[in-house]
Structure formats: structure tokens, C-alpha cells
Amino acid sequence: MLRMQLLPARLIKPRAIPSRPASSALLSSSSPAAGATTTLEDVAANRKGLAKVVLKKGKTQVFKNGNPMVYSGAVDRIIGRPPPKTGDAVLVADGSERPIGWGMYNSVSMFCVRLMQLEEEAARDPSYALNMEKLLEARLDAAVDLRQSMGLPSDDTNVYRLVNSEGDRLSGLIVDVFGDVAVIASSAAWIEKYKQEIEFLVGRVRNVNHIKWRPSIDILKEEGLEISYQGDPGSSSCPGRVKVMENGICYLISLEGQKTGFYADQRESRRLISSISRDRRVLDVCCYSGGFALNAAFGGAKNVIGIDSSSPALELAKENIQLNKLDPGRISFLREDATEFMKGATARNESWDVVILDPPKLAPRRKVLQSASGMYRTLNSLAMQITKRGGLLMTCSCSGAMTQSGLFLRGAASMAGRRITVLRQAGVACDHPIDPSYPEGAYLTNFLLRVL
């Protein structure tokens, strides 16, 4: 059984986090005394040149409530000379200039501050107030403890999310663990600044022997960083592919694949598909490396077909059949366009007992929401038409800008000339925590429908 630990008492190696030069460090020369009631204002008094971002009237409460993304339109003024630079720690204050928290500043992003700690938290425990290195260690510590409490990793699952951005209060940072490899996805300028510290801490998680750094190039451009990703020199010892296990099923993962390489957010929904597939014909649309299809086959499906337009993904899916010693006569994968395949199946009056529709993100931004909504509606309508009457359709959307709803799906059902009932509505797996103060983090919707 795999275990994770961080020090103190949880990190394996006793070495300290690499320190930064004094000229650029955000650390104080001495730690606050134990039990002191020091507030951010008191701590800031010892910080020369620390800027203060003052919010507009009426814009404070949403951030005091926990939303970490301080957008530029909420800012009234910035106090400090010279002005803060991207990656600097800053105070965030209400209209009376009283601090409500502190965070990491960005001079060009639409989110000018990502809040890291609120005033009341600093008052309760000032030990890492305005100290990013200590805060990183504390948040990673908490993330490890949370996954352990959720039973991850386990004897039958060694692929999971260790850090889920805002859900683990490290906005912009994703860490997925695949066996002994940790993939770190960076989508904020402050993360690039603290790359060394993050790699050090993640590298001390038990059983993590390799680290792969994957910057989100397009998002980082919006953060003001021009990064030409040609592979991380520090990832040279990292394998290109890795074998992992989820719910007792083995997968080959390409670390150069989509996102971080695997969609651990659908773990619990894949398990459900395994439980409802016995003796049924199953179709997995947009199957990627075959997650839902493999679970259907393990669950005793009579026949399983997975379709996807990506050749590299399908190569992995086919290798996963062999890896799990499944009967290739009972499960197969085809390279097809999802829309064209479903139109063809409709024309042939072909249908399946269980259909899974898990398309890629079609609405990465709100500006394409209208066109994406039309595409989702069309895909769902086609999927309903090829689901046998009385059969089951699991339909998913991973576009944070668009959340599927029962009303939206009813419209798709009307297009298909079908009626639907909702059997289950779900989201991400439990290792993907969501902060209710930041509802944008609830990017995944998963509906199990009965199609009539």
C-alpha cells in the first residue's frame, strides 16, 4: 500500500526548503512569538516596501468570504512605491485601508491578486503570514492529509490529484500523482516564481520519485509570462509513459497527453459504469485512453466500443486492452469523429444499452459559450437518439464556462424526440475539492439519464 508523508513528521527528507536571497525573500527576520495575536497589519510593519491593494467600496465582502481571485475591476488603488511587481506578496485591504488578507500580485493579469490567507487566519496563526515558503509547506501538508483521509492512494488506486488549485487554496497549482510520478501543472505567474520550492515539497511526498513540470503556456501568457515549453530539463529522468492503477484497472498514461495525462476527476463515475454494464452493449464516445470503456468491460458488458478522433489516445486505449488481459473480441476502439459516427449510427437505426458521452472542453472561455452550447446540445441530442429506449446515457461537460443542467438536457431531448429522467447528478471525484466561495472551480458536470 502506498503512503505519503510530509515533514515535520510528514516529509521524508530532513533538509529545509531552499531559501531565497535576502533581497527578494518575503520572510521576516524573526517568527512571531508563539500564541501572539499578531495581525497582518502588525506583520506588514516589518516589511519594507510591501504594497497594499485597496478594494473599491462594495467589493470587499466577496473576498472576505473566501473568493481568492481579486479581479482588476474590484481594485480602487495601489499604495506603495515602487509599485509591486508580478510575483510579489501584497496586502489586500478594504476601502478604509484595513487589510483583509494577503496574496500574490500580478501586474498584467485580469486577476491582479490571488489571495493566499485572510486576516482572521493570520490572527489565529501568524506563523506563515506573508511567508510564501511556509504557507506552501502548510498547504501541501494539508493536501496530503486530506487525500489520506479519503483513502488515497490505496491498494487498487495509485493515480489521484494531490493539489486542486483553489480547492486546496493554492490558486493556479495542480499536482496529479501517477504511481511514482508527480505532474505539476502551472497556470499562474507566482507558481513559476516558486517552482523550486514547489518541486522540492512535492518531491518529498512518499513514493514520488519523478517530477514533471507542465506549464499552461496559453494561460501563462495571460499572466504576462512568455514561456517556450520544450520540456523541463529537470524532467529528463521522468519516463514518457507510466503504468498506473485505478479501481483495480491498469492504464498506460502518456505524460505528454491531454491535461496532465489522465482524467482522475471521473474516477467515481467510471466505477459506476462498471457496476451498471453487465450483459449490456456499451458505447464510449470521446473515449480518450478508454477509461469508461475499460470499466464497462470489467463490469461484464456484452460488447464495448470506444470512439475517439485522436490516434495517440487510441493507441493507449488498445494497449490498455492487452495490459488488462481483456478479450479484444468484446472491447474495441475506433478512430472516428464523434458527431459523424453518431449521425451514421442514427441513420442505421443502431442503438446501445449504455452510452457515455464525455467530450473535450468546448467552452474554455465565456466568449465562445453560445457556439459551444449549440455543439453540446447537438452532441447530446445525437447521443440520446442512439441510446436504446429505456437505456442509460451518461453525459459529461468539463467546460467551466458552461454547466449542464436538467433544463439544458431537456432541450437536447426535445431535439432528439426523446424524454429523459435524471438518475444521478455528479461532479469531480473526492480528491478534487471545490471551494464554495469559488464556484468556478466546479467545472465538471456528469448526468446519468434514463432515455425513453
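Predicted model: local features only at pLDDT ≥ 70, side-chain atom pairs only at ≥ 80, totals over all residues.
Residues are numbered from 1 along each chain as its sequence is written, and side-chain values use heavy atoms, with hydrogens and water left out.

Helices (H or I, at least four residues) and strands (E, at least two) are DSSP runs, numbered from the N terminus. Two strands count as paired if DSSP finds at least two bridges between them. Six strands, written in the order β2-β6-β5-β4-β1-β3, form an open sheet of mixed pairing. Its edges are β2 (69–71) and β3 (75–79), each of which pairs on one side only. From one strand to the next, the twist averages 35°. Axes are lines fitted to C-alpha atoms, for helices over the stretch in contact, and angles run from 0 to 180 degrees between N-to-C directions. Within this sheet, β4 (residues 89–93) and β5 (residues 99–105) run antiparallel and share 5 bridges. Ala93 has Pro99 of β5 as its bridge partner. Helix α4 (residues 132–149) packs on the sheet and touches β5 and β6 (111–118). Contact here means heavy atoms within 4.5 Å. The direction of α4 makes about 70° with that of β6.

Arg77 pairs with Glu97, with the closest N and O atoms 2.8 Å apart. Arg77 lies in β3 and Glu97 in the loop between β4 and β5, 20 residues apart. Both burial classes follow from relative accessible area: buried is under 20%, exposed over 50%, and partly exposed in between (1.4 Å probe, protein chains only). Arg77 is partly exposed at 31%. Glu97 is partly exposed at 30%.

A second open sheet has 4 strands in the order β7-β8-β9-β10, again with mixed pairing. β7 (159–164) and β10 (210–215) each have a single partner strand, so one side of each lacks a neighbour in the sheet. Neighbouring strands are turned by 20° against each other on average, direction ignored. Strand β9 (residues 181–186) and β10 are parallel and joined over 6 bridges. Helix α6 (residues 195–203) lies across β8 (173–178), β9 and β10. It runs at about 145° to β10. Asp176 and Arg161 form a salt bridge, the closest N and O atoms being 2.7 Å apart. Asp176 belongs to β8 and Arg161 to β7, 15 residues apart. Both residues are buried.

Strand β16 (residues 352–357) has 6 of its 6 residues buried, so the strand is largely enclosed by the rest of the structure. Strand β13 (residues 281–285) pairs with β16 in the parallel sense over 4 bridges. Val285 has Leu357 of β16 as its bridge partner. β16 also pairs in the parallel sense with strand β17 (residues 387–397), over 5 bridges. Val354 stands opposite Leu392 in β17. A salt bridge joins Arg281 and Glu350, the closest N and O atoms being 3.8 Å apart. Arg281 lies in β13 and Glu350 in the loop between α11 and β16, so the pair ties together parts that are 69 residues apart in sequence. Arg281 is partly exposed at 24% relative accessible area. Glu350 is partly exposed at 27%. Elsewhere, Glu246, Arg267, Arg270 and Asp431 are linked in a network of salt bridges.

Rings of Phe, Tyr and Trp (its six-membered ring) pair if their centres lie within 6.5 Å; planes under 30 degrees apart count as stacked, over 60 as edge-to-face and the rest as tilted. The structure holds 4 aromatic pairs. Phe63 and Tyr71 have ring centres 6.0 Å apart and planes at 55°, so this pair is tilted. Phe63 is buried at 1% relative accessibility, whereas Tyr71 is partly exposed at 31%. Phe341 and Trp352 form a tilted pair, at 6.1 Å centre to centre and 40° between the planes. Phe341 sits in helix α11 (residues 338–347) and Trp352 in β16, 11 residues apart. Phe341 is buried at 9%. Trp352 is buried at 0%.

How values were computed:
Salt bridge = Lys/Arg side-chain N within 4 Å of Asp/Glu carboxyl O.
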